[in-house]
Amino acid sequence: KAIRRQRQMCIRDSVRGVWVSNVANIDTPKGLPVAQYQQYLQQMVKNIASYHMNTIIFQVRPCNDAFYQSKLNPWSRYITGCEGKDPGFDVLQFVIDEAKKYGIRVHAWMNPYRVSQTALDLEHQDIDDAIQAYVDTLDDLNFAKRHPEHLVVDGTNKVILAPSHKEVIDFVTKSIMEVVENYDIEGVHIDDYFYPTQEESFDTAAFKESGNSDLKQWRTENIDNLVKGVYNTIKNVNPNIIFGISPQGNIDSDCNVLYADVKKWCSEEGYCDYIVPQIYYGFENESLPFENTVNEWLKLNTCDNVKLIIGICTYKIGKEDKWAGSGKNEW
């Protein structure tokens with residue numbers, strides 16, 4: 001009996017979670033009548049429970065919008081097909097209520113910066129006209145429409161909020177806290193969309209205004225300011241809410257391409273409670289084999305108060321992993 005109790009405690013403390021991605025309707029549909037949409041969500045949670053999962057990381061802010069009742073962000077187009085249109089019920093609250101039936105925890109997954117999922121047409125328009133044309137399609141509540149001065153275009157011609165702007169950091173933090181203060185969630189979760197490019201022209205004006213001489217250091221500090229600010233604000237309001245980050249599995253890419261200082265986040269308190277590197281590599285991956293990559297993350301994770309959770313990718317099963325070199329067929 002003692003051994004069984006010990007195993008049960010161990011299981012409760014473990015994280016067996018699943019991401020539910022709503023951007024581009026990857027995991028949820030759009031345009032369904034309320035009853036059918038709710039039936040879909042009910043079956044989704046039931047399926048998750050049947051696999052003995054205990055955590056749902058539910059995407060609630062895919063593109064500067066909301067899957068919840070918000071005063072700051074419009075209803076997502078990925079619910080009804082039209083941004084700003086009330087779906088007739090609170091999607092996040094419904095998922096939370098369904099998850100509770102199975103003892104499943106819910107984390108609200110936020111994308112801090114993304115505004116557009118599709119690329120701008122820069123072949124036929126200059127950048128300012130293209131941004132304005134896209135902004136005109138947004139709901140009036142959308143921060144991007146109200147404040148186009150805080151928009152930039154990334155290396156794939158998609159619109160994002162400028163990571164260096166204090167107003168953006170404040171707005172993203174307020175958006176996150178709106179959910180923390182109004183929903184019974186266990187945690188807040190952000191994924192690996194940090195700086196989208198190494199191009200210096202991406203934020204030249206803001207960099208010059210900063211007076212900083214080291215672009216990499218400055219961009220890294222901008223991301224740190226968001227992460228640390230969100231962490232502190234959450235803890236000041238509700239210390240029981242946990243804050244997690246899911247960076248890329250490639251540590252070098254995180255630090256030198258995305259300007260996400262995962263080495264600091266894993267080794268110092270005050271940035272996150274857990275980190276979920278996306279180790280989407282097989283054991284035979286030529287550049288980043290799974291076991292070696294996990295061990296590298298274990299070496300980084302020296303802070304006792306930061307839990308390391310490994311993110312894996314079942315979507316690769318049965319497919320060719322074309323970037324894996326000699327390990328491309330192992331899935």
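**View 1. The largest pocket of this predicted model holds about 1400 Å³ of space.** A pocket here is an open set of points on a 1 Å grid over the protein atoms alone, where a 1.4 Å probe fits, with protein on both sides within 12 Å along at least five of seven lines; its lining residues have an atom within 4 Å of a point. Grid points are joined across faces, edges and corners, and the volume is the space filled by probe spheres set on the points. Of the 47 lining residues, Trp 19, Tyr 280, Gly 311, Ile 312 and Cys 313 lie nearest the centre. Helix 1 (2-13), strand 1, helix 2 (34-50), strand 2 and strand 3 each give at least two residues to this lining. Helices (H or I, at least four residues) and strands (E, at least two) are DSSP runs, numbered from the N terminus. By class, the lining has 23 nonpolar, 13 polar and 11 charged residues, where Ala, Val, Leu, Ile, Met, Phe, Trp, Tyr, Cys and Pro count as nonpolar, Asp, Glu, Lys and Arg as charged, and the others, Gly among them, as polar.

**View 2. The second largest pocket has about 670 Å³ of space.** Look for Asn 111, Arg 114, Asp 191, Asp 192 and Tyr 193, which lie nearest its centre among 27 lining residues. The lining divides into 12 nonpolar, nine polar and six charged residues.

**View 3. Seven strands form an open sheet with parallel pairing, in the order 1-2-3-6-7-8-9.** Strand 1 (17-20) and strand 9 (307-308) stand at the edges with a single partner strand each, so one side of each has no neighbour in the sheet. Two strands pair if DSSP finds at least two bridges between them. Four bridges join strand 1 to strand 2 (residues 55-61), and Val 18 has Ile 56 as its bridge partner.

**View 4. Strand 7 (residues 242-245) pairs in the parallel sense with strand 6 (residues 187-190) over four bridges.** Here Gly 187 has Ile 242 as its bridge partner. Strand 7 also pairs with strand 8 (residues 274-275), over two bridges, and Gly 244 stands opposite Tyr 274.

**View 5. Residues 2-12 have pLDDT under 50.** pLDDT is the predictor's confidence in each residue, from 0 to 100. The chain averages 94, and 96% of the residues score at least 70.

**Notes.** Residues are numbered from 1 along each chain as its sequence is written, and side-chain values use heavy atoms, leaving out hydrogens and water. In this predicted model, local features need pLDDT of at least 70 and side-chain atom pairs count only at pLDDT 80 or more, while totals for chains, interfaces and linings use all residues.

Note on methods. Contact means heavy atoms within 4.5 Å.
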